[in-house]
Amino acid sequence: MIPEEKKEYYKKLWHSASHVLASAVKELWPDAKLGIGPPIKEGFYYDFDVKEPFTQQDLERIEKKMQEIIDRKERFIRKEISREEAEKLFKDEPYKLELLREIKGPITIYQNGNFIDLCRGPHVDNTGEIKAFKLIRTAGAYWRGSEKNPMLQRIYGIAFPSKQELDAYLKKLEELGERNHIKLGKQLGIFSIHEEAPGFPFFLPKGAIIWDEMIKFLKKLHIAEGYKFVRTPIIMSKELWVRSGHWDHYRQNMYFTQADDRMLAVKPMNCPGHILIYKEKRHSYKELPIKIAEFGIVHRLERSGVLYGLIRVRKFTQDDAHIFCTEEQLKDEIIKIIKLTDKIYKTFGFEDYSMELSTRPEDSMGTDEQWEHATNALESALKELKIDYKINEGEGAFYGPKIDFHIKDALEREWQCATIQVDFSMPEKFDLYYIGPDDKKHRPVMIHRAILGSIERFMGVLIEHYGGMFPTWLSPVQVRVMPITDRNLEYAKAVLEKLRESDIRAELDSRKETLPKKIREAQLEKIPYMLVIGDNEQKEGSVTVRTRKGVIKKSVKLEEFLSLIKEEIESRALELSIK
RNA sequence: GCCCAUGUAGUUCAGCGGCAGAACGCCACACUGGUAAUGUGGAGGUCCCGGGUUCGAAUCCCGGCAUGGGCUCCA
């Protein structure tokens with residue numbers, strides 16, 4: 001959205017705008033204590049400790065005051081000062097003093113008008129450079145992100161060097177709202193969320209069709225790669241989770257239940273179940289790698305405040321698999337997973353994704369040596385494929401390091417989906433082994449991997465990515481047949497029958513409504529193809545095709561249309577074949 | 001979990017102390033129609049739940065639940 005080469009300037013502009021915001025708030029609420037006010041990916045914010053949260057009216061007042069400061073064209077003046085001076089200067093700003101204590105190098109401040117902030121900079125020359133800005137929203141935010149700290153009031157805003165850019169940005173925001181998966185999901189009858197089941201979305205008939213198509217596609221590719229599909233129970237004994245380490249590290253996110261005086265846990269992950277299957281028999285090195293896959297339903301007790309549509313839920317279905325292999329096979333297996341992921345993402349239309357490598361967190365199990373080994377395997381796979389990646393120190397799972405894939409949707413927002421996690425500790429905890437060529441027991445390595453991550457989340461991302469216009473292979477209704485009058489009904493039914501014989505999801509709109517109305521409704525439902533059937537078509541045994549993009553092709557032979565759409569569905573094409 | 005906002009017909013929303021409203025959808029009737037809304041009529045409500053203030057509460061106050069925007073965590 002913001003061009004790469006301009007980013008530096010925008011960062012400066014936004015940072016400056018956040019100072020203007022703070023100046024305005026300080027003028028209006030002299031008692032407000034300042035938190036921090038950085039530029040972010042899009043825009044800026046500033047945190048304030050105030051007695052009352054800001055209201056919408058407050059925002060308008062602040063905007064007016066900011067405009068005054070901008071009109072004054074106040075210069076941003078940088079100064080380097082001593083620690084003593086700084087402590088004196090910020091003696092009434094407890095949060096600034098806290099920051100000050102952590103600064104090692106030289107202390108710099110920026111001043112515009114009477115407002116002074118502890119700041120590394122850089123800034124634009126003067127406040128007048130902010131030609132257009134808007135305060136977007138307020139939110140509560142903990143000081144330094146920790147709920148142990150007091151909650152401050154955050155104001156988010158955006159600024160641009162021209163009014164046009166601001167308008168374009170606001171328009172984009174509006175568009176984004178139109179593509180919101182919750183809104184579209186409801187409009188299109190894909191899923192629903194009920195008060196009675198917070199965090200547990202319902203999939204409606206149309207959503208279920210999309211779901212099944214996704215699964216069918218994934219299954220086919222996985223089977224070709226040697227994965228074996230299983231189904232494991234959702235509830236298993238507590239002891240299993242104690243042994244796996246989830247009890248120690250993940251208990252606060254798990255659901256528990258009880259039966260026969262025994263404590264049971266609802267699985268938050270599928271690995272222990274798959275491990276039990278692995279352990280059912282002895283394995284030879286010749287069998288490895290063993291790939292156990294499952295569309296596994298997991299429940300995680302997420303905190304109520306974080307739930308969001310399909311993106312963040314309490315029950316979700318992972319396209320999960322566990323690969324049991326030797327250390328030597330590790331790198332190749334990781335490479336295969338990366339390639340499979342790439343293929344799947346491209347089919348769904350995600351060309352652009354980034355990868356991140358996460359290393360050992362504080363709350364973790366296993367030895368330093370195991371962690372190093374596992375991390376190296378992931379890193380060398382990435383290097384061999386010449387993939388750029390970012391390192392997230394300390395962000396790994398408690399049982400091992402991981403690679404995460406972040407896909408970008410049509411609106412350039414990033415979502416974490418695939419994950420590949422190497423695990424040396426679980427095989428040890430469960431005493432897994434295989435018999436090597438030396439006729440001795442050896443410890444296998446385990447890879448946890450998911451490609452869509454959560455089917456629910458991925459479907460949410462897909463809805464937004466496509467803006468509700470699913471490619472034909474995923475569309476719940478692929479064709480709607482629309483007779484113009486009752487005279488054409490019989491022929492329309494014959495067309496419908498033909499389509500259905502070819503397993504095309506077709507519907508007949510035989511209502512006594514006008515054609516424009518039928519078309520309008522099919523458009524709103526984003527049905528890829530509409531077949532208009534009138535006297536002309538009936539006479540020549542053809543159909544008139546209208547696509548949801550508004551392209552009209554008259555008198556197409558039914559057979560021709562059939563072969564086009566069949567090929568389109570078969571190849572899982574992203575674009576409609578009639579353009 | 002915490003801060004803020006929101007919760008009214010199937011849907012989108014207006015009303016904000018004094019008779020429960022609109023549009024779309026739904027049902028009925030008429031219209032047999034050519035590429036984004038044919039016309040007329042009708043039915044449809046626990047105003048999220050519980051308590052309080054008031055002669056009177058959808059509206060004001062308190063508590064709860066849910067959803068959304070954030071904080072934190074993560075798929």
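## A salt-bridge network

In this predicted model, Glu27, Lys65, Glu68, Arg72 and Glu74 are joined in a network of salt bridges, a salt bridge being a side-chain nitrogen of Lys or Arg within 4 Å of a carboxyl oxygen of Asp or Glu. By this rule the count comes to 33 salt bridges.

Residues are numbered from 1 along each chain as its sequence is written, and chains are lettered from A and ligands numbered from 1 in the order in which they are written. Local features need pLDDT of at least 70 and side-chain atom pairs count only at pLDDT 80 or more, whereas totals for chains, interfaces and linings use all residues; side-chain values use heavy atoms, with hydrogens and water left out.

## Domains

Chain A is divided into domain 1 (4-173), domain 2 (186-466) and domain 3 (479-570), with bounds that come from an automatic or database domain assignment. The C-alpha centres of domain 2 and domain 3 lie 42 Å apart. Between these two domains, 4 residues of domain 2 are in contact with 4 residues of domain 3, where contact means heavy atoms within 4.5 Å.

## The open sheet and its helices

An open sheet of 5 strands has the order E25-E24-E26-E27-E28, with mixed pairing. Its edge strands, E25 (506-508) and E28 (552-557), each pair on one side only. Neighbouring strands of this sheet are turned by 25 degrees against each other on average, direction ignored. Helices (H or I, at least four residues) and strands (E, at least two) are DSSP runs, numbered from the N terminus; two strands pair if DSSP finds at least two bridges between them.

Strand E26 (residues 529-533) and strand E27 (residues 542-547) are paired in the antiparallel sense over 4 bridges. Within this pairing, leucine 531 has valine 545 in E27 as its bridge partner. Helix H15 (residues 489-501) lies across E24 (479-483), E25, E26 and E27, and runs at about 165 degrees to E25. Helix H16 (residues 515-524) also packs on the sheet, touching E24, E26 and E27, and its direction makes about 170 degrees with that of E24. Axes are lines fitted to C-alpha atoms, for helices over the stretch in contact, and angles run from 0 to 180 degrees between N-to-C directions.

Side chains of opposite charge can pair when their charged atoms come close. Glutamate 507 and arginine 480 form a salt bridge (2.7 Å, N to O). This pair links distant parts of the chain, strand E25 and strand E24, 27 residues apart. Glutamate 507 is partly exposed at 27% relative accessibility, while arginine 480 is buried at 7%; buried means under 20% relative accessible area, exposed over 50% and partly exposed in between (1.4 Å probe, protein chains only).

Arginine 511 and glutamate 521 also meet in a salt bridge (2.8 Å, N to O). Arginine 511 lies in the loop between E25 and H16, and glutamate 521 in helix H16, 10 residues apart. In helix H11 (residues 327-348), lysine 346 and aspartate 342 are 4 residues apart, about one turn of the helix, and their closest N and O atoms are 3.0 Å apart in a salt bridge.

## A buried lysine without a partner

Lysine 518 is placed in helix H16. Lysine 518 is buried yet has no salt bridge, and the nearest side chain of opposite charge, aspartate 509, is 4.5 Å away. Here Lys and Arg count as positive and Asp and Glu as negative, with His and the chain ends not counted. Leaving out residues up to four places away in sequence, lysine 518 touches Met482, Pro483, Asp509, Ser510, Arg511 and Glu513.
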